[in-house]
Amino acid sequence: FDSELATYVANLNPASQPTDPQALSVWAAGNNAVECESLVGSRRLEDCEFLAATVAALRAQGETVGENYLWVGAVQDNADIITDYSLEAGALALDFLVANDDVLATGDAAGTSFAAPRVAGAAAAALVKQKFPNLNTQQLKQVLLQTATDLGLSGPDSVYGYGKLN
């Protein structure tokens with residue numbers, strides 16, 4: 001069964017996977033925190049989202065999966081507080097950032113699907129990759145995580161992960 005899950009993760013929606021298997025894959029955490037909390041009593045990513053649950057379960061068994069995945073939650077406009085709708089880092093705190101979900105101006109959009117492109121844009125050659133073309137995927141991911149503004153508890157935590165994209 002575990003190998004079936006590992007195969008599933010490896011082949012998950014091939015159309016949405018990067019053509020380069022070493023590419024960083026940035027995922028919107030999800031906007032269903034309120035619903036998930038009412039159904040299962042949790043706002044944690046691995047309790048509310050199937051791919052995250054699968055990755056967390058396989059990692060708990062010693063598998064190395066999803067190493068190139070980075071999940072993104074959303075923080076409130078003009079505040080460094082996670083939104084009520086955004087899922088929280090949970091067990092995937094070492095693979096999680098938060099970002100603002102504004103597109104052009106404060107309050108013009110809402111959702112982790114708007115926050116994730118900020119992180120993807122920072123990761124994509126535009127900012128980091130262009131300046132440091134020799135970075136591999138894991139190094140690029142660590143630059144994003146290590147330069148985040150720490151929010152919540154000191155260090156990576158189960159709500160904000162590493163913190164806010166900086």
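Where in the chain is the place of Ser 86? Ser 86 sits in the loop between S2 and S3, in a model that is predicted. The loop between strand S2 (69-75) and strand S3 (96-100) also holds Glu 88. This briefing covers the chain as a whole and then these two residues.

**Overall fold**
- The protein chain contains 7 helices and 3 strands.
- Along the sequence, these elements follow the pattern α-β-α-α-α-β-β-α-α-α.
- Among contacts between residues at least 6 apart in sequence, 65% join residues at least 24 apart.

**Burial and surface**
- The protein chain has 166 residues, of which 45% count as buried.

**Ser 86**
- Ser 86 counts as buried because its relative accessibility is 0%, and the cut-off for buried is under 20%.
- The side chain of Ser 86 reaches the backbone nitrogen of Ala 74 at 3.1 Å.
- Ala 74 is also one of the residues that Ser 86 touches when those up to four places away in sequence are not counted.

**Glu 88**
- Glu 88 has a relative accessible area of 16% and is therefore buried.
- Leaving aside neighbours within four places in sequence, Glu 88 is in contact with Arg 43, Arg 44, Leu 45, Ile 82, Phe 96, Ser 158 and Val 159.

Methods
Residues are numbered from 1 along each chain as its sequence is written. This is a predicted model: local features need pLDDT of at least 70, side-chain atom pairs count only at pLDDT 80 or more; totals for chains, interfaces and linings use all residues. Side-chain values use heavy atoms; hydrogens and water are left out. Helices (H or I, at least four residues) and strands (E, at least two) are DSSP runs, numbered from the N terminus. Buried means under 20% relative accessible area, exposed over 50%, partly exposed in between (1.4 Å probe, protein chains only). Contact means heavy atoms within 4.5 Å. A polar contact is a pair of N or O atoms within 3.5 Å; within protein, one must be able to donate a hydrogen and the other to accept it, and residues adjacent in sequence count only if both atoms are side-chain atoms.
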